[in-house]
Amino acid sequence: MDIMKEADFRKAIKSDPDKAYLFFGDEDYMKNFAVNTAIEAISPDPSLAFFNEIRLDSFTYSPDALLDALMPLPMMADRKIIVISGLDLGAMKQSEIDALCAVLDQLEEYDYNTVIISVAADRLDPGILPKRPSALLKKLGEHLTLVNFEKNTPHRLAVWVGKHFEHNGVYAAPEVCAYVVDRCGRDMFALASETDKMSYYVLSAGRNEVTKGDVEKVAVPAAEYDAFAFTNAIGAGRKNEALNILSDFKLRKTDPIIIMSEITKTACDMLAISSLRAEGLTSGEISSVLKMHEYKVSLILRSCPKVEECKSMVRRCREADLELKTSRDGYAVLEKLICVI
């Protein structure tokens, strides 16, 4: 099974794009960057984006919605691009995966499309690559070109930080760039934000070189929050903790749509667990029915409200998702949602 590296994807998309790609792996920042690279290559005219750039997420995606998106011809261009984000492929039923693959098979007929399905780091188990990929990844690889976004090494991140500083008009010695990675962590959203902040600080002081002292004075040490910590805080009703983690995501410039999908999935999990608890099922039985780790079920059960309250949470998520699509400040929408659920 062939798996493409993200650097090879960025070269191929400019000259010979495939019909469909699956972005998976640990580095979500580079997935976003690669999506933007694909959009610039396939739909470079912003005035035609309405026709040639279509986005679907966990709320708007369905096999029928994807097929509807495939059918229209591109406007004043050779191709159009369809980006699907926020799906939890690992939690989808086999019938749902089959339905997705059936639509992708129709790309032979609608060959003027390029489809990109971008999956967050914890939403697909790839198995042990390259020798023992998971059955799901093998299945998807029959219908999409697989692109693995691996976590960058500290050395590669330090080189990237140096280039980011250079782009901002300042210089940082290799040892300073390495120190930035040591201090700020390996999350590229956080590194980009901290690098920009240090650049502006140095330039405002009339200098053009970043020193180790600047890093210590300006850069925020890494806060190793992750998606599990975020959803765990929401599931347990710890709103202040969830808001703090949201602030960290905002610092990293994590896409609000991705964060929204995390909150929505947690609300749906809570509704399913609450409903099964109301039917008298035990923690172990709920875990078996939902194919969810029993530890996660037990965490949610500790603070999970009754069924009607969970239904209200899901409705509020739906309302927030609609508001998110028209709001200029997606983070404000998410803050309000966390406060009311």
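Modeller: Met-76 counts as exposed, because its relative accessibility is 73%, where exposed means over 50% relative accessible area, buried under 20% and partly exposed in between, with a 1.4 Å probe and protein chains only. This is a predicted model, in which local features need pLDDT of at least 70 and side-chain atom pairs count only at pLDDT 80 or more, while totals for chains, interfaces and linings use all residues. Residues are numbered from 1 along each chain as its sequence is written, and side-chain values use heavy atoms, with hydrogens and water left out.

Although Met-76 is not a glycine, its phi is positive, at about 55°. Met-76 lies in the loop between helix H4 (63–70) and strand S4 (80–85); helices (H or I, at least four residues) and strands (E, at least two) are DSSP runs, numbered from the N terminus.

From this loop we can turn to the sheet. Six strands form an open sheet with parallel pairing, in the order S1-S8-S2-S5-S4-S3, two strands being paired if DSSP finds at least two bridges between them. At the edges are strand S1 (3–5) and strand S3 (53–56), each of which pairs on one side only. From one strand to the next the twist averages 25°, with axes taken as lines fitted to C-alpha atoms (for helices over the stretch in contact) and angles running from 0 to 180 degrees between N-to-C directions. H4 packs on this sheet, touching S3, S4 and S5, and its direction makes about 160° with that of S4; contact here means heavy atoms within 4.5 Å. Within the sheet, strand S2 (residues 20–25) and strand S5 (residues 113–118) pair in the parallel sense over four bridges, and Leu-22 has Ile-117 in S5 as its bridge partner.

Two prolines elsewhere in the chain complete the account. The peptide bond from Leu-129 to Pro-130 is cis, with omega near 0°, and Pro-130 sits in the loop between strand S6 (127–128) and strand S7 (132–133). Pro-174, by contrast, belongs to helix H8 (residues 174–184) and is exposed, with a relative accessible area of 57%. The C-alpha atom of Pro-174 is separated by 7.4 Å from that of Val-159, these two residues being 15 residues apart along the chain.
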